[in-house]
Amino acid sequence: MVTTQLLILITVFLIASVISVITGSTSLITVPVMLQFGIEPRTALATNMLALTLMSVGGTLPFIGKGVIDRRRLPLLIVLTLVASIVGALLVLVVPSRSMPLVISISMIVVTVLSIANRKAGVVPAEAIPSRIAEIAGYVVTFILGIYGGFFSGGYVTLLTASYVMLFRMTFVQAIATTKLINIFSSLVATFIFMTQGIIDYKLGMILGLTMFVGGIIGGRMLVSFHPTSSSKAAAFFKSNSYFVLVEL
């Protein structure tokens, strides 16, 4: 890869990571750019997953000690995510490389439609206690989306955040903080599987990963500055920016 292409990737990954801490949908931007530069589809997905792991760590750090992560539900959510992400990562090894661009394109379209359809979720923080059915549905959705997160991850956190707002009745800041932490486990377990298959470009992955780590910290601090107990500003930012990013794609 030439220097110019690397600089473009670093710039794209940095901007995407800053914005996507709040809006999600990082991979809807980063993976297509990698494919455009001729990176083999499986390598692009695997290398991007390594970078996402570091971004999620950076994006989670600003929330530590702020009391906005849902610690009560977290253990079960992590277990479901780990199992589902393993399934998703294994699918990457099964789906033929020549079919990857088509699968990614379809995923982008589906996530775009779902995100636009639910773009108002969380603008007004929900205060009602979730019903038993909604609570169970939240865990089911966590598992289903976890499979997608381990496979591609494009829009994974976006959909998971909206789901937690609607089903668990979290505020937007709580949902983003919780899903960002969960995404560490999703990306990490998928990365380990890709490591065993030797399909990660480690040099590129570490460069882009450190870039996204910094971007994640910046984005997380931006979100924390909204005030953790009132999510209206964060939700409005999520709504406007995720809509813009997805429509542009």
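In which helix does Thr60 lie? Thr60 belongs to helix H3, where helices (H or I, at least four residues) and strands (E, at least two) are DSSP runs numbered from the N terminus. The model is predicted, so that local features need pLDDT of at least 70 and side-chain atom pairs count only at pLDDT 80 or more, whereas totals for chains, interfaces and linings use all residues. Residues are numbered from 1 along each chain as its sequence is written, and side-chain values use heavy atoms, with hydrogens and water left out.

The chain contains ten helices and zero strands, giving the pattern α-α-α-α-α-α-α-α-α-α along the sequence. Of its 249 residues, 53% are buried; buried denotes under 20% relative accessible area, exposed over 50%, and partly exposed in between (1.4 Å probe, protein chains only). The accessible surface of the chain amounts to about 10,700 Å², and carbon and sulfur atoms hold 70% of it. Among contacts with a separation of 6 or more, 84% are made by residues 24 or more positions apart, a contact being heavy atoms within 4.5 Å.

Helix H3 comprises residues 41-60, 20 residues in total. From its first C-alpha to its last, H3 reaches 28 Å, close to the 28 Å expected at 1.5 Å a residue; the expected span is 1.5 Å times one less than the number of residues. Because 17 of its 20 residues are buried, H3 is largely enclosed by the rest of the structure. At the start of H3, a side-chain oxygen of Glu40 comes to within 2.9 Å of the backbone nitrogen of Arg42. Thr60 is itself buried, at a relative accessible area of 3%. When residues up to four places away in sequence are not counted, Thr60 touches Lys180, Leu181 and Ile184.

The buried residues of H7 include Tyr156, Val157, Tyr164 and Leu167. Just after H7, Arg169 adopts a positive phi of about 60°. Ser25 is located in the loop between helix H1 (3-23) and helix H2 (27-36), and its relative accessibility of 4% places it among the buried residues.

Side chains of opposite charge can pair when their charged atoms come close. With a salt bridge taken as a side-chain nitrogen of Lys or Arg within 4 Å of a carboxyl oxygen of Asp or Glu, the count comes to three. In one of these, Arg73 pairs with Asp70, the closest N and O atoms being 2.4 Å apart. Arg73 is buried at 6% relative accessibility, and Asp70 is buried at 14%. A further salt bridge joins the side chains of Arg72 and Glu135 at 3.9 Å, N to O. This pair links distant parts of the chain, with Arg72 in the loop between H3 and H4 and Glu135 in helix H6, 63 residues apart. Arg72 is exposed, with a relative accessible area of 62%, whereas Glu135 is buried at 11%. Glu135 also forms a salt bridge with Arg73, for which the closest N and O atoms are 2.7 Å apart. Through shared partners, the salt bridges join Asp70, Arg72, Arg73 and Glu135 into one network.

On the surface, a nonpolar patch is formed by Leu76, Val79, Val83, Ile136, Val140, Phe143 and Ile144, with about 580 Å² of accessible area together. Patches consist of residues with over 30% relative accessible area and no salt bridge, like charges being joined within 9 Å and nonpolar side chains (Val, Leu, Ile, Met, Phe, Trp, Tyr) within 5 Å. Helix H4 (74-94) and helix H6 (132-151) each supply at least two residues of this patch. The largest share, four residues, comes from H6, the helix in which Ile144 lies.

Terms used: Areas by Shrake-Rupley, 256 points an atom, 1.4 Å probe, with all protein chains shown as cover. Polar contact = N/O pair within 3.5 Å; in protein donor to acceptor, adjacent residues only side chain to side chain.
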